[in-house]
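Dear colleague,

Please find the structure below, handed over for your records. My findings follow it.

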Amino acid sequence: MDIAKALAVIDRLRRGEYPAHRTRTDLGTAGPGYRMAELETSDDFWEDDGGRRDAAAEQFELDRDGLGERLTGRWGTPQVFSLYSVLERTLAGEDVPEPWASLSGHVPDIQLWRARESGPWIALGVSQWDQELPFQLLAVVTDVDPP
């Protein structure tokens with residue numbers, strides 16, 4: 001992973017207006033109060049992948065942590081925030097705001113920073129929708145407080 005490029009993408013996410021409606025962008029997705037970028041995407045996996053899936057999972061976590069170290073230099077130690085309870089609440093029918101509701105369906109936990117006291121939240125997480133699908137390293141910038 002190119003950390004300098006990933007940092008530039010995160011800086012780009014922090015600029016500009018949020019869209020009025022959920023939309024696909026050149027970086028990922030965006031909606032009211034948030035922008036999300038797909039920083040890195042793996043290949044798909046098959047049942048007999050010879051450990052390739054486990055190696056990819058480990059590499060994506062290492063990439064997240066390496067990028068997280070650079071963000072820690074900017075904004076201090078992150079909170080590690082589990083999205084499991086958010087998923088449970090969403091499945092129970094609670095109206096959880098975006099981007100947190102959709103993230104909870106495929107990202108188990110995030111590293112979370114606040115750019116400044118009243119600034120946006122910046123989150124990094126590793127996504128995988130299902131065992132055969134690719135991993136993605138996601139960066140999220142949002143004005144929506146975590147639930």
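A contact here means heavy atoms within 4.5 Å. The model is a predicted one, in which local features need pLDDT of at least 70 and side-chain atom pairs count only at pLDDT 80 or more, while totals for chains, interfaces and linings use all residues. Residues are numbered from 1 along each chain as its sequence is written, and side-chain values use heavy atoms, with hydrogens and water left out.

By that contact criterion, glutamine 136 touches Glu38, Glu40, Thr41, Phe60, Gly125, Val126 and Ser127, residues up to four places away in sequence not being counted. Glutamine 136 belongs to strand S7, residues 136–142 (strands are DSSP runs of E, at least two residues, and helices are runs of H or I, at least four, numbered from the N terminus). Its relative accessible area is 15%, so glutamine 136 is buried (under 20% relative accessible area, with a 1.4 Å probe and protein chains only). The side chains of glutamine 136 and threonine 41 are joined by a polar contact of 3.1 Å, that is, a pair of N or O atoms within 3.5 Å, of which one must be able to donate a hydrogen and the other to accept it; residues adjacent in sequence count only if both atoms are side-chain atoms.

As to the chain as a whole, there are 4 helices and 7 strands, in the order α-β-β-β-α-β-α-α-β-β-β along the sequence. Buried residues account for 44% of the 147 residues. Of the contacts between residues at least 6 apart in sequence, 57% join residues at least 24 apart.

Conventions
Buried < 20%, exposed > 50% of the residue type's maximum accessible area, 1.4 Å probe, protein only.
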